[in-house]
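User: Hi! Could you walk me through the reasoning behind the labels used for this model?
Analyst: Happy to; here is the structure to look at while we talk.
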Amino acid sequence: MSDTQNTTDPMVAPLADEASRKAQEQRLAEAWTSPEGWWYFSDVNNSRVGIWYIVSAFAFLLFGGALALIMRLQLAMPDNDLVSADLYNQLFTLHGTVMMFLFAVPIFEAVAILIMPSMVGARDLPFPRLSAFGFWCFIIGGIFVCGSIFFNVAPSGGWFMYPPLSTEQMGVGADIWLLGLSFIEVASVAAAIELIVGVLKCRAPGMHINLTPLYGWYVLIVGVMILFAFPPLIAGDFLFELERLLDWPFFDASRGGDPLLWQHIFWIFGHPEVYIVFLPSIALLAMIVPTFVGHPIAGYSWIVLSAIGTGFLSFGLWVHHMFTTGLPSLSLGFFSAASEAVVIPTGIQIFVFIATLMQGRVIRTVPMLFALGAIATFIIGGLSGVMVAIVPFDFQAHDSYFVVAHLHYVLIGGVIFPLLAGVTYFYPFVTGKLLSRALGIWSFWLMFAGFNIAFMPMHLTGLMGMPRRVFTYPSNLGWNSLNLVSTIGAFILAAGLLLFIFDTLRPRRNQPEAPANPWRAGTVEWLNDRQNWGLRTIPHISSRYPLWEDADFAQNVRDGRYYLPDAEEGRRETIVTSVLDAQPIQCLRLPLPSYVTTVAAAGLGGVFIFSTFHWWWPTAISGVVAFVAIIYWVWTGTATLPEKERKDIGLGTTVPLYRSGPTAVGWWAMFITMTGDLTAFLTLVFAYFFYWTVAEQFPPPGMTGPGWLWPLIAGLVLIGSWGLTLGARIVNGRGSVWGMRALLALSAVSTLAGTAALLAGPWTTGLDPTQNSYPAIVWALVVWTAVHLAAGFVMQVYCIARSFAGLLTRRFDADIWNVTLYWHAMAFTVLVTCLVIGGFPVVA
Amino acid sequence: MSNEVERETGSGTSLWKVIASPTIWAVHLLVCYIAGAIYCEKTGREAGLAPAQWIVGITTLVALAGIGLVVRSIWTEYRRSVSNDDFDFEVNSAEERHRFLSHVTLMLSILAVAAILYATIPAIVLETCR
């Protein structure tokens with residue numbers, strides 16, 4: 001039992017006298033001052049950005065809900081003419097889109113940004129400006145997409161935009177969907193990067209991976225899922241928009257394309273998406289349930305492994321949305337099997353909650369009410385999910401209201417109810433006041449009853465044959481009363497939700513402050529005393545529920561007796577720790593508020609929004625604005641040189657202020673970004689081979705491009721560029737500044753030359769991308785690679801400039817490390833592109 | 001991971017090893033699905049499934065062997081948990097998180113085996129590409 005003796009005793013610094021504690025708090029407050037007035041919206045602090053994010057996401061929830069109520073009014077009676085068929089199409093398309101892209105995913109990011117830093121004992125996430133940037137992308141894109149319905153031009157092809165309907169449709173609706181959502185996906189990927197690095201590298205010292213709060217585990221898993229799920233959709237949007245804008249026939253069967261390819265790409269994103277929105281909500285339950293049972297979670301490791309298992313298996317389910325597309329039974333069987341298998345880890349999570357409930361006396365509170373309602377509702381949705389996972393049953397239920405019922409039981413039981421439990425639970429964490437118990441109970445029962453009245457009958461309407469997405473129905477089919485009941489239920493549900501929202505918004509000046517830890521929870525976030533700095537001091541963690549297990553812990557944190565109790569240099573700081581054992585390895589300086597993130601987001605938004613309407617000049621200007629803003633942001637805000645080498649962070653620990661390479665958070669962010677980027681790239685490669693699979697002859701007769709010569713030259717030159725960049729990093733490490741500059745200059749030149757050679761392949765052989773899907777996908781791969789190479793070129797030049805500015809030196813070399821990492825991914829991209837477009841036609 | 005604490009049982013279970021078995025499952029599913037889809041697309045719907053069944057069978061054996069290797073590599077650490085009869089893994093030590101990760105790895109390996117065996121069922125039951 002030697003390992004239990006290893007237990008580190010809680011390390012505590014001696015209590016400083018009151019005057020110096022006051023001075024410390026004063027300095028902390030100054031360093032973390034939030035901007036006010038005109039500068040209010042330049043803030044980047046997670047506690048404020050998180051609230052903006054949550055409020056916006058809930059606004060979109062209400063908007064999406066209002067759309068749903070109009071639909072329910074239309075369907076209340078047979079042969080109703082409240083809205084036209086076309087407006088109804090816009091309503092259901094926008095309802096699905098808003099709920100998934102503007103509520104369910106962003107609310108995960110919002111809640112995580114707000115509470116996770118405190119939960120893992122950090123002052124803020126490692127890249128606060130990235131969070132703010134993501135928020136601004138989300139809000140700009142969201143308003144753009146939602147606003148379209150007021151001009152009667154909203155997307156109307158269903159939230160999954162199936163071609164050929166959506167590729168052939170006139171108007172800008174589909175473009176708004178494609179470009180608006182691509183832009184919002186940027187926000188999701190940004191949040192994923194931020195949160196993954198936050199969980200892995202910013203946990204408080206001593207918080208070994210087996211002591212990490214379960215919420216942190218879920219955030220980590222969901223962040224990684226976003227990295228593999230969203231990029232395929234970005235790649236798919238890229239192809240789709242090329243078809244709509246330039247007539248490249250990726251999904252046009254008459255020219256060698258295939259509409260089914262879009263379904264594959266969309267659902268490779270779309271199914272994991274369901275789990276991306278479900279897991280973070282269930283994560284809230286994993287924090288709430290133990291608190292109200294007064295007992296640790298019953299099977300910590302089981303939750304972790306089943307969350308990881310669910311995350312993985314969710315990527316093997318996408319074809320179950322395509323059971324009726326005529327794929328071979330063998331393919332259907334594989335995915336039916338995986339769809340049944342995912343029940344195992346999902347079930348484990350539910351059973352762990354039930355086991356936890358059985359271990360103690362449940363305290364009856366509003367969050368618990370929502371939590372239990374969530375579990376009950378989700379189980380019904382899960383069971384109907386098992387039904388539709390069986391292929392023959394799905395043949396019958398597909399595209400009927402049975403599926404509508406199923407997915408709403410999953411999403412409302414798996415997302416909304418846990419989330420409202422979370423809002424009630426964390427409301428005092430944010431505002432210091434409790435929500436009303438009476439209103440909470442009322443709103444829960446209204447919502448729970450209304451939800452079941454609305455959606456339970458839909459199982460029947462579906463089995464009786466009512467298809468989804470019809471704007472009306474004749475009166476003689478037996479659907480009348482069921483639909484009327486559903487409509488009544490929908491309004492009861494809406495009343496409950498509005499009551500809940502009212503309670504969160506009503507002024508509560510006269511209400512007494514809630515106690516600091518009102519629910520007597522055991523986890524660190526409840527020590528956040530709602531100052532800008534978050535926790536008074538970053539604690540040393542030695543258990544999963546330190547507030548329960550160490551009676552002095554809370555007071556010690558409030559007295560500033562752990563790490564970083566002060567801001568001697570007036571800087572915002574948090575601690576970077578090692579991934580598994582959370583050993584402190586760096587004191588990370590965090591950036592200050594700035595509008596540069598807003599400008600960058602607005603510029604990028606302009607690119608997406610103006611190009612929807614083919615306004616190319618404003619698009620170009622926005623592009624320049626975004627480019628300049630991002631370069632300024634990176635130049636002034638990242639890899640800044642510290643004034644000294646190391647810093648004493650308290651408790652006898654001294655750590656460096658600057659790190660580069662694989663231990664630095666910036667390197668991790670680049671690594672994570674490139675993982676997502678390569679996923680998108682591999683989706684394009686998948687498309688290439690998909691065309692090969694379905695084509696009679698590939699490449700089509702008469703198309704000889706791009707030949708093997710140009711791809712070979714491009715490949716060699718660009719691999720050379722990668723080698724030179726790597727060489728530059730190595731010689732810089734050995735102290736040769738001029739060697740590094742020379743190698744970088746050479747590599748920048750060969751990047752340009754290689755990119756030209758890559759474009760020369762399809763160009764000189766006269767491949768016309770509008771003729772057939774083959775030239776189109778070759779061009780798509782080449783353009784994708786070329787754009788990435790352009791970014792790689794900018795990075796090489798950037799490093800040269802940083803070196804001349806004295807910001808990139810032998811010791812302070814984070815920039816060149818990160819750029820080299822980018823180029824590793826480029827080497828892979830180039831190699832695969834050249835082998836595929838140059839080599840595969842030779843082999844085939 | 002040079003910043004981590006040295007442990008009694010040597011080089012430990014990393015997060016990469018935790019996801020090894022589910023990754024093997026994912027590769028298995030992709031190989032089976034892609035091989036089956038290409039085979040059926042190129043030979044037509046009336047074709048017998050024998051070649052695809054062979055591919056699924058061999059892939060399954062390779063995948064199970066891979067998971068076997070993963071389990072063998074964590075067995076030393078895991079055995080300690082069994083003998084200690086302690087599955088809470090809540091002690092604040094490098095050794096404990098090491099055992100925690102090995103437990104998660106083992107259970108995920110079992111889940112991956114179950115999911116892999118599920119995926120072989122269609123290959124056993126079906127006879128043609130229809």
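Analyst: Let's start with the interface of this predicted model. Between chain A and chain B, about 4800 Å² is buried, with carbon and sulfur atoms giving 70% of that area.

User: What makes that area a way to state the size of an interface?
Analyst: The size of an interface is often given as the accessible area lost when the parts come together. The contact itself takes 59 residues from chain A and 59 residues from chain B.

User: Why is the pair B:Arg97 and A:Asp581 called a salt bridge?
Analyst: The rule asks for a side-chain nitrogen of Lys or Arg within 4 Å of a carboxyl oxygen of Asp or Glu. For B:Arg97 and A:Asp581 the N to O value is 2.6 Å, so the pair qualifies. The count between the two chains is one salt bridge, and there are also six residue pairs in polar contact.

User: Which helix of chain A gives the most to the side that touches chain B?
Analyst: That is helix 11, with ten residues. On that side of chain A, 33 residues are nonpolar, 21 polar and five charged.

User: How do you know that the lining of the largest cavity has one charged residue?
Analyst: The lining includes A:Leu211, A:Pro213, A:Tyr300, A:Thr523 and A:Arg544. Arg counts as charged, therefore A:Arg544 belongs to that class. The lining divides into seven nonpolar, two polar and one charged. About 80 Å³ of space lies in this cavity, and the count comes to five cavities of 30 Å³ or more.

Terms used
Residues are numbered from 1 along each chain as its sequence is written. Chains are lettered from A and ligands numbered from 1 in the order in which they are written. Side-chain values use heavy atoms; hydrogens and water are left out. Contact means heavy atoms within 4.5 Å. Buried area is the accessible area (1.4 Å probe) that two parts lose on being put together, summed over both. A polar contact is a pair of N or O atoms within 3.5 Å; within protein, one must be able to donate a hydrogen and the other to accept it, and residues adjacent in sequence count only if both atoms are side-chain atoms. Helices (H or I, at least four residues) and strands (E, at least two) are DSSP runs, numbered from the N terminus. On a 1 Å grid over the protein atoms alone, a cavity is a set of points where a 1.4 Å probe fits but cannot get out, and a pocket is an open set with protein on both sides within 12 Å along at least five of seven lines; lining residues have an atom within 4 Å of a point. Grid points are joined across faces, edges and corners, and a volume is the space filled by probe spheres set on the points.
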